[in-house]
Amino acid sequence: MISKLFNDLLGRETAPRRLPRVPAGTRYYVIGDIHGRMDLFAALIGEIEADDNASDPADTHIILLGDLVDRGPDSAAVVQRAREWTQTRKVRILVGNHEEMFLRSFDEIDVLHQFLKHGGRETVLSYGLSPEQFSEMTLDEHFAALPLLVPQADRDFIASFEEMIIAGDYAFVHAGVDPDLPFNQQQRTDLLWIREKFLSHRGPLPKVVIHGHTIFNEVVDCGNRIGIDTGAFRTGVLTALVLEADSRRLIQAIEEDGAVRTENREYDE
């Protein structure tokens, strides 16, 4: 009797834990913060297309975690390419804090001032201003010029970005969630901006949260959350997390010595 009880307990302890899953028959490619790195984004798109075409048939979804713009040199091109991709693939895009600052800059000059200091200068340049023109303009002149530089189609497209996406056991957001609130009560400010309260939380969450916003040298898996912002504008590494059933793997576009290569590798927890 004691032996049976011991074996039962041992069996429970060694039973494999249930891994998070996306819905059956689906495949998800989840891309971290692009920040104007069109070179890395283009390479990653090419590798994702090739990977999906070479894999078993699936209902394929692509999720961009936000912060397509700012800091890197080609925000306008990234926005255009993302919009084009939505015409040929099931692409859904989350709004990041940099998209929020960008859109508010058209209406609030104080926000524009902060936007230009935190990567927005590069975004404005990508829409056709030269560095010399930018430097010669006053803040008021930038405020007047911004609606003339950025097509309304781009503004409407960015305004359509979502705040949260749920798929199976996963939730996708830009920055994170308030761990003290249920998912249906999350505030937009936290979804786009939160850091420490979310990052330091060690308890379970209703779903495994896949997020960007905070840069890590490598993908960080804390069990309750996975951060995949590998700092494309600064490190030259743009990461996509591939989810299928309960499996995970990585595809990365990596700049080295001025050339961009892609790498498809296993996921290390």
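Tyr170 is buried in this predicted model, with a relative accessible area of 0%, and Phe172, also at 0% relative accessibility, counts as buried as well. The rings of Tyr170 and Phe172 form a stacked pair, because their centres lie 6.3 Å apart and their planes meet at 20°.

**Aromatic pairs**

- The model holds 7 aromatic pairs in total, and one of them joins Tyr28 to Phe172, whose ring centres are 6.0 Å apart with the planes at 20°, so that this pair is stacked.
- The pair of Tyr28 and Phe172 connects distant parts of the chain, since Tyr28 belongs to strand E1 (residues 26–31) and Phe172 to strand E5 (residues 170–172), with 144 residues separating the two.
- Tyr28 has a relative accessible area of 8% and is therefore buried, the cut-off being under 20%.
- Elsewhere, Phe102, Phe106, Phe115 and Tyr127 are linked by ring pairs into a cluster.

**Arginines over rings**

- Phe106, a member of that cluster, has Arg155 over its face, at a distance of 3.9 Å from the ring centre.
- Arg225 lies over the face of Phe198, and here the distance from the ring centre is 5.8 Å.

- Strand E9 (residues 237–244) is mostly covered, with 7 of its 8 residues buried.
- E9 also pairs with strand E10 (residues 247–256), again in the antiparallel sense, over 8 bridges, and Leu241 stands opposite Leu250 in E10.
- The hairpin of E9 and E10 has 2 residues between the strands, and in this hairpin Ala245 takes a positive phi near 55°.

**The largest pocket**

- The largest pocket contains about 150 Å³ of space and has a lining of 13 residues, among which Arg71, Asn97, His98, Arg195 and His213 lie nearest its centre.
- Helix H4 (residues 97–104) contributes the largest share of this lining, namely 3 residues.
- Sorted by class, the lining of the largest pocket consists of 3 nonpolar, 6 polar and 4 charged residues.

Conventions:
Residues numbered from 1 in each chain as written. Predicted model: local features only at pLDDT ≥ 70, side-chain atom pairs only at ≥ 80, totals over all residues. Heavy atoms only, no water. Phe/Tyr/Trp six-rings, centres within 6.5 Å; stacked < 30°, edge-to-face > 60°. Helix = DSSP H or I, 4+ residues; strand = E, 2+ residues; numbered from the N terminus. Buried < 20%, exposed > 50% of the residue type's maximum accessible area, 1.4 Å probe, protein only. Lys NZ or Arg CZ within 6 Å of the ring centre and 35° of its normal. 1 Å grid on protein atoms, 1.4 Å probe; cavity = no way out; pocket = protein on both sides within 12 Å on 5 of 7 lines; lining within 4 Å. Points joined across faces, edges and corners; volume = space filled by probe spheres on them. Nonpolar A, V, L, I, M, F, W, Y, C, P; charged D, E, K, R; others polar. Pairing = 2+ DSSP bridges.
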